Amino acid sequence: MRTSSTSRSPLLFLTTVAICIFMVAPVLVSVMAGLVNSYNRGISSGLTLRWVEQVWEVYGSTVGASIGLALACVICTLLLGVPCAYALARSRSRLARAFEELLLLPVAIPSLATALALILVYGNMTSLRQSFVFILIGHVVFTLPFMVRTVSAAFQRPDLLAMEEAARTLGAGFVQRFLGVLVPAVLPAIVAGMLMVFTLSIGEFNLTWMLHIPLTRTLPVGLADSYASMRIEVGSAYTLVFLLVILPVLWILQALTTLIQKRYGT
Amino acid sequence: MELESPVSTQSTRIEITQCAKTYPDGTRGLLPVDLNIEAGEVVALLGPSGCGKTTLLRLLAGLETADPGSRILFGDQDVTALPAEKRGIGMVFQSYALFPQMTVEANIVYGLKIRGASADECRRTAGTLIDLVRLNGLEKKRPTELSGGQRQRVALARAVAVKPRVLLLDEPMAALDAKLKESLREELAELLRRLGITAVHVTHDQQEAMAIADRLALMEAGQIMQVGTAESLYRNPAHPFVARFLGRVNTLARSSEDMAAGVIRLGNGALACPGHLRDRNEVMLRPEDIHLVAPNGGATARIARRTFLGDRVQLQLELEGQPPLMVEAHGLLAYAPGDIVGLEIDTERLLPARNDATAA
Amino acid sequence: MTAPPNPTSRASQIRMLCVLPAVIFFTAFWLLPAATLIALPANNGWDTYLLVLTNARYLQSLLNTLWLSLATTLVTLILGAAVGIYLARRRFRGRQALISLLTAPLAFPGVIVGFFVILIGGRQGSFASLTSSLGMGRMTFAYGVIGLFLAYLYFSLPRAIASYTAAAEAMDPQLEEAARVLGASRWQITRDAWWPQLLPTTVACGAIVFATAMGAFGTAFTLSSQFEVVPITIYNEFTNYANFAVAASLSIALGLVTWGVLYLSRVLTNDAKAAQ
């Protein structure tokens, strides 16, 4: 795209620089705070890994819990959401449109309300209430609309309809053409949906905080706990751990999406 | 050159009886039609958009359900209730609908894989077909790397790989540019002849239909107006629509005095009206059936415009009492706008224009 | 001749089977609970639904949240548009990396953003150290409404930057060129060529930012600010006072506001699309 000379605006440039500093500085300060002996004295107090070690001792399990939960969430939304997206994309009935609208509600209203509602109805089932499955259910309810919407838009492409008909005339039954033709064709959208669901799940706090018990803590829940009750250095170290978990994942999956888009076209 | 069809297919005759299609919102895409297609014949469904030709094709494919009372036979088998997967057809789509994540070879053998063919059989068939449609060297490419003409050939190979008893083509040339269309037309016609397969081909392009098909079925507003070879439709159109759609026509009006006197007025002259057209108030005439001579006391006209179209010359003639006439021929180089010319018309070549109430 | 069994009904059977698992899951784990939540306040009397308006404390909380969210939305849109337009029109090495960096905070839970504010503006924060060394004593901004506002800005900007960068890249350069050729000034170009094209994005993005800010819990929770927002009120009623009906009533009110804003934005952007 040609850059026009009017874009050489010093105002825009300065604003951009200011915002970049605003966004990046706290991350850097936090990383630094987790690696120094004393936040008060700053870098002059020397670098150390003892806060990170302490974090790992106390909160190490939350990392595995969050990643496991996010993966389970991705699998559930795939199994529930991809066929659902197909059905909604092909259906012209008013019921389908209504369901699409309903599906968006968990995203439109604060997840706090969703958590409350879940506790109201299922809070008494102790074995459910005290397991990770309860949190998983909350995560799936919250992330399913993203998967369905992303994949449904891809299924609606007109060339997909022709491909499905072509597969039918060649004798393919439903499962054969769904798995062999349709899913590969919308793969970029599915991967994008998976990325969205994974990151949403890892970073989910509002819902998880309401649904958790001390035995079912996730990373964000642990973070809140450490901010409230631990030294600022420990909180920073824990934040560092979170960043080390999520940023590489974000970037790997972004690279994957670009790769798949290049191979298959959009 | 092999004389036997390289991809031997069992070609079947098709019998369509009272097939109609009404859509859920009430539009009648197809009124009850009948059509018989012989085994090995190529029939073109030709007509303007909205005439129902694609609807009929999709009914044959099983991608749409026909209204109750319709019947479609492939040979002796009643396929009306069979879904598309089970009809044993091959179909080439307008957009080709190639699977983008599969190579050319994988696309072609897709139908075979579904039927559980062995890897050997797949490879052999793919090899034969790639030779047949001349895609050698492109086996491992993906559809996005191919040109329009190449994609069309892949779509064709994929459709015939499963040895279908009927081949259906939905405007296969629509996505190609004019020059490419002409050369591919010949290839497709040749290919269909070699395969000897029963084929139904939908198009809005007359030239394409005439070049490829053995017979044409001309359709309009959900009905089949006339079926026959291109030549018979052109020379003996059963319906004014057919005459207008195939080729060009001029329309000559007859006033009530003309009809009473049994003539057709042509400017300052009159033609004797042939018997079978006596009660028509409009007749049609093709541009190539009007001959220009030196003014000789018969009807005359003035040349208003001359257009050079390469292989032919078009002249627009003005004359009294009739709309401007279009005349076409090779040659006609001597005439220029403003000249007065005499007209000579073979009345045998006149065609009826309007239906009157009693005619079919 | 019997009527042929309808292949299209078979197709709709397949679609029904495809959507069934999602429908069952959604009904069991959202529709049913939501219905229960909506019916709950009625147990304490019908006027419980209006608590957010009738009770002075809750009303204050609602107004706090509304003002905060509005302010956040406004500032976010302006700053986000500036950055988005700048980044869309300039090409430099590392541009893609910078955009990834700026939009990464979308994945952060709100608690981290709260922590950042404490880190910098809290009692032990860098800002306090700075003011103390200047002789003004340890000044903090983290625990008041300013700290909250900065935090809300932090988690809202990435969304605005992402939206505006995409929208600005999709802007038709020919509109601007036509205006330039006709002699328009920079301000007129902004008003007549840029603004109409960016309006749908502004409406959609603004609605999302507003709704997110209204429903944000983790950030305020970490900052345990005096400035009470509705999500915190709901949380307190539920956990500390076991006032389930009140919590439900406030949740319904909050949900209505966020849903309403998003719905309105969808209607407006669809109208804009239809008018084009």
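Student: In chain C, what share of the contacts with a separation of 6 or more comes from residues 24 or more positions apart?

Tutor: The model is a predicted one. Two residues count as in contact if their C-beta atoms, placed from the backbone, lie within 7 Å. In chain C, residues 24 or more positions apart account for 74% of the contacts with a separation of 6 or more.

Student: How many helices and strands does chain C have?

Tutor: Chain C has 12 helices and zero strands. The radius of gyration of chain C is 24 Å, well over the 19 Å that the globule rule gives for 276 residues, so chain C is more spread out than a compact globule. Its C-alpha trace spans about 95 × 65 × 35 Å along the principal axes, and buried residues make up 45% of the 276 residues.

Student: Which residues of helix α8(A) are buried?

Tutor: A residue is buried if 20 or more other C-beta atoms lie within 10 Å of its own. In α8(A), these are Arg177(A), Val181(A), Leu182(A) and Ala185(A). Seen down the axis of α8(A), the buried residues fall within an arc of 85°, so they line one face of the helix. They pack against α2 (50-90) and α7 (158-169) of chain A. Val175(A) and Leu179(A), on the other side of α8(A), are exposed.

Student: In which sense do β1 and β2 of chain B pair?

Tutor: Strands β1 (residues 14-22) and β2 (residues 28-37) of chain B pair in the antiparallel sense, over six bridges. Cys19(B) stands opposite Val33(B) in β2(B). The two strands form a hairpin with five residues between them, and Gly26(B) in the turn has a positive phi of about 105°.

Conventions: Residues are numbered from 1 along each chain as its sequence is written. Chains are lettered from A and ligands numbered from 1 in the order in which they are written. This is a predicted model: local features need pLDDT of at least 70, side-chain atom pairs count only at pLDDT 80 or more; totals for chains, interfaces and linings use all residues. Helices (H or I, at least four residues) and strands (E, at least two) are DSSP runs, numbered from the N terminus. The radius of gyration is taken over C-alpha atoms; the globule rule is 2.2 Å times the number of residues to the power 0.38. A residue is buried if 20 or more other C-beta atoms lie within 10 Å of its own, exposed if 12 or fewer, and partly exposed in between; C-beta atoms are placed from the backbone. Two strands pair if DSSP finds at least two bridges between them. The arc is that of the directions from the helix axis to the C-beta atoms.
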